[in-house]
Amino acid sequence: MKVSEKMYRFLEQFLRCLIYVGIGHTAFEVVTIWRTPEVSDFWYYGLAVPGLYYLVAVIVLTLFIMFVKK
């Protein structure tokens with residue numbers, strides 16, 4: 001499957017954006033949970049929950065880009 005160079009660049013930019021938003025959201029969740037005294041012992045949920053949502057999307061998009069580039 002071949003796509004145009006413009007579409008390929010768009011997919012790469014979207015992947016970068018998704019990674020940056022995922023890192024930012026995950027960091028925000030960790031700090032929010034860490035600063036809340038009632039749930040501060042569960043700070044790792046801030047890594048797991050948003051991190052997995054973005055990780056799955058990043059992996060799927062990366063595999064798609066690799067498939068398209070061939």
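A charge sits over a ring if NZ of Lys or CZ of Arg is within 6 Å of the ring centre and within 35 degrees of the ring normal. The exercises below concern a predicted model.

**Exercise 1.** Determine which ring the charged end of K69 sits over.

*Solution.* The charged end of K69 is placed over the ring of Y8, at 4.4 Å from the ring centre. That distance meets the cut-off of 6 Å. Y8 is also one of the buried residues of α1.

**Exercise 2.** Describe helix α1 by its span and its buried residues.

*Solution.* Step one concerns the span. Helix α1 covers residues 5-35, 31 residues in number. From first C-alpha to last it reaches 45 Å, close to the 45 Å expected at 1.5 Å a residue.

Step two concerns burial. The buried residues of α1 are Y8, L11, L15, L18, G22, T26, V30 and I33. An α-helix has 3.6 residues a turn, so residues three or four places apart point the same way.

Step three asks what covers these residues. The cover includes α2 (44-69).

**Exercise 3.** Classify the aromatic pair formed by F10 and F14, and state how exposed each residue is.

*Solution.* By the ring-pair rule, the count comes to 1 aromatic pair. The ring centres of F10 and F14 lie 6.3 Å apart and the planes meet at 20°, so the pair is stacked; the cut-off for stacking is under 30 degrees. Because F10 and F14 are 4 residues apart in helix α1, about one helical turn separates them. F10 is partly exposed, at a relative accessible area of 47%. F14 is likewise partly exposed, at 43% relative accessibility.

**Exercise 4.** Trace the contacts of Y54 and find its polar partner.

*Solution.* Y54 is located in helix α2. Apart from neighbours within four places in sequence, Y54 is in contact with L18, V21, G22 and H25. For G22, the separation from Y54 is 32 residues in sequence, while the C-alpha atoms are 5.5 Å apart in space. The polar partner is H25: its side chain makes a polar contact with the side chain of Y54 at 3.4 Å.

How values were computed. Residues numbered from 1 in each chain as written. Predicted model: local features only at pLDDT ≥ 70, side-chain atom pairs only at ≥ 80, totals over all residues. Heavy atoms only, no water. Helix = DSSP H or I, 4+ residues; strand = E, 2+ residues; numbered from the N terminus. Expected span 1.5 Å × (residues − 1). Buried < 20%, exposed > 50% of the residue type's maximum accessible area, 1.4 Å probe, protein only. Contact = heavy atoms within 4.5 Å. Polar contact = N/O pair within 3.5 Å; in protein donor to acceptor, adjacent residues only side chain to side chain. Phe/Tyr/Trp six-rings, centres within 6.5 Å; stacked < 30°, edge-to-face > 60°.
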